[in-house]
Amino acid sequence: LAGAGGSVLERGGGTGRRAVPMAAAGLVVTGIDSSGAMLSRLQDRVGDAPVTAICGDMVDDLPKGPFDACLVAYNTLFNVLDVDAQRRCFIEVAQRLVPGGVFVVEAIVPDPDAPAGRDVSVRSMTSDRVVLSVSEHLPDDQRSSGQFIEFTESDGVRLRPWAIRWAGIDELDAMAAHAGLELAERHADMAGAPFDDISDHHVSVYRRAR
């Protein structure tokens, strides 16, 4: 698509970390995110680049399209906490892709042996800033949640909550097939590294039939 004016829909695009480079490569990008604050930062970054920002839900508020590609990067799909809504994500995307268009999903490969429980760890630490990670893992529910707790001398304590409902590769493939998409390729990262049995991340490219 790059350089050909292809259209891309990015779900959960935030401040444009991916949208801006895609636009610079010649793509026309539409980014949807539920955070107005993040989208304001995106608009400050894009300048005259062909990027449209939409504030809305990435399941129910998708623009009509059609799009050549849709991207949902690192675990953003898993921010949708209901399995039926995750299935609808695939259906809504498939309906907005041109024939032959692709849905690119980047996510973790869940560890089937990860135990249930809670964990507290140091995420980062400098002379004036400490960030702790507090999390809870519920494998029977395919859910994890937690807080990043940031301590700074100047600003005190800041909480950044997160929650995901994760899905394994087989489940994602089934969701895609139900929506009329087929797996075209799978890599271990965005650079195209080979995916294998020990990969802990995947980039799966699902294609709508031509």
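Colleague: Why is Gly 6 counted as buried?

Modeller: The word buried is used for a relative accessible area under 20%, exposed for one over 50%, and partly exposed for values in between, with a 1.4 Å probe and protein chains only. Gly 6 has a relative accessibility of 5%, so Gly 6 counts as buried. The model is a predicted one, in which local features need pLDDT of at least 70 and side-chain atom pairs count only at pLDDT 80 or more, while totals for chains, interfaces and linings use all residues. Residues are numbered from 1 along each chain as its sequence is written, and side-chain values use heavy atoms, with hydrogens and water left out.

Colleague: Where does Gly 6 lie?

Modeller: Gly 6 belongs to the segment before β1 (7-11). Helices (H or I, at least four residues) and strands (E, at least two) are DSSP runs, numbered from the N terminus. Between the C-alpha atoms of Gly 6 and Asn 79, which are 73 residues apart along the chain, the separation is 27 Å.

Colleague: How do you know whether Arg 158 is buried, exposed or partly exposed?

Modeller: Arg 158 has a relative accessibility of 49%, so Arg 158 counts as partly exposed. This residue is part of strand β9 (residues 156-165). Contact means heavy atoms within 4.5 Å, and beyond residues up to four places away in sequence, Arg 158 touches Phe 148, Ile 149 and Glu 150.

Colleague: How many disulfides does the count give?

Modeller: A disulfide is a pair of cysteine sulfur atoms within 2.5 Å, and by this rule the count is zero. The cysteine sulfur closest to that of Cys 55 belongs to Cys 89 and is 16 Å away, which is too far for a bond. Cys 89 is likewise in no disulfide, as the nearest cysteine sulfur, that of Cys 70, is 9.0 Å away.

Colleague: Are Cys 55 and Cys 89 buried or exposed?

Modeller: Cys 55 has a relative accessible area of 52%, so Cys 55 is exposed. Cys 89, at 0% relative accessibility, counts as buried.

Colleague: What makes a set of residues a nonpolar core?

Modeller: The members are buried Ala, Val, Leu, Ile, Met, Phe, Trp, Tyr and Cys residues, joined through side-chain atoms within 4.5 Å. The largest nonpolar core has 30 residues, of which Leu 77, Phe 78, Phe 90, Phe 103, Leu 172, Leu 181 and Tyr 206 touch the most other members. At least two residues of this core come from each of β4 (67-72), α3 (83-96), β5 (97-108) and α4 (169-178). Another core, of 17 residues, lies apart from it and includes Ala 23, Val 51, Leu 71 and Val 102.

Colleague: Which residues does Phe 103 touch?

Modeller: When residues up to four places away in sequence are not counted, Phe 103 touches Arg 11, Cys 70, Val 72, Phe 90, Val 93, Leu 97, Leu 181, Ser 204, Val 205 and Tyr 206.

Colleague: Why is α3 called oblique to α4?

Modeller: Axes are lines fitted to C-alpha atoms, for helices over the stretch in contact, and angles run from 0 to 180 degrees between N-to-C directions. Angles under 35 degrees count as roughly parallel, over 145 as roughly antiparallel, 65 to 115 as roughly perpendicular, and the rest as oblique. The axes of α3 and α4 come within 8 Å and cross at roughly 50°, which makes α3 oblique to α4. On the α3 side, the contact involves Val 83, Gln 86, Arg 87, Phe 90 and Ile 91; on the α4 side, Glu 171, Leu 172, Met 175, Ala 176 and His 178.

Colleague: What makes Ala 94 and Arg 96 buried?

Modeller: Ala 94 has 7% relative accessibility, so Ala 94 counts as buried. Arg 96 has a relative accessible area of 15% and is therefore buried. Ala 94 has its place in helix α3, and Arg 96 is found in helix α3. Neighbours within four places in sequence aside, Ala 94 is in contact with Ala 179, Leu 181 and Arg 208, and Arg 96 with Leu 62, Pro 63, Lys 64, Pro 66 and Phe 67.

Colleague: What kind of peptide bond joins Gly 65 and Pro 66?

Modeller: The bond is cis, with omega about 5°. Pro 66 is in the loop between β3 (51-55) and β4.
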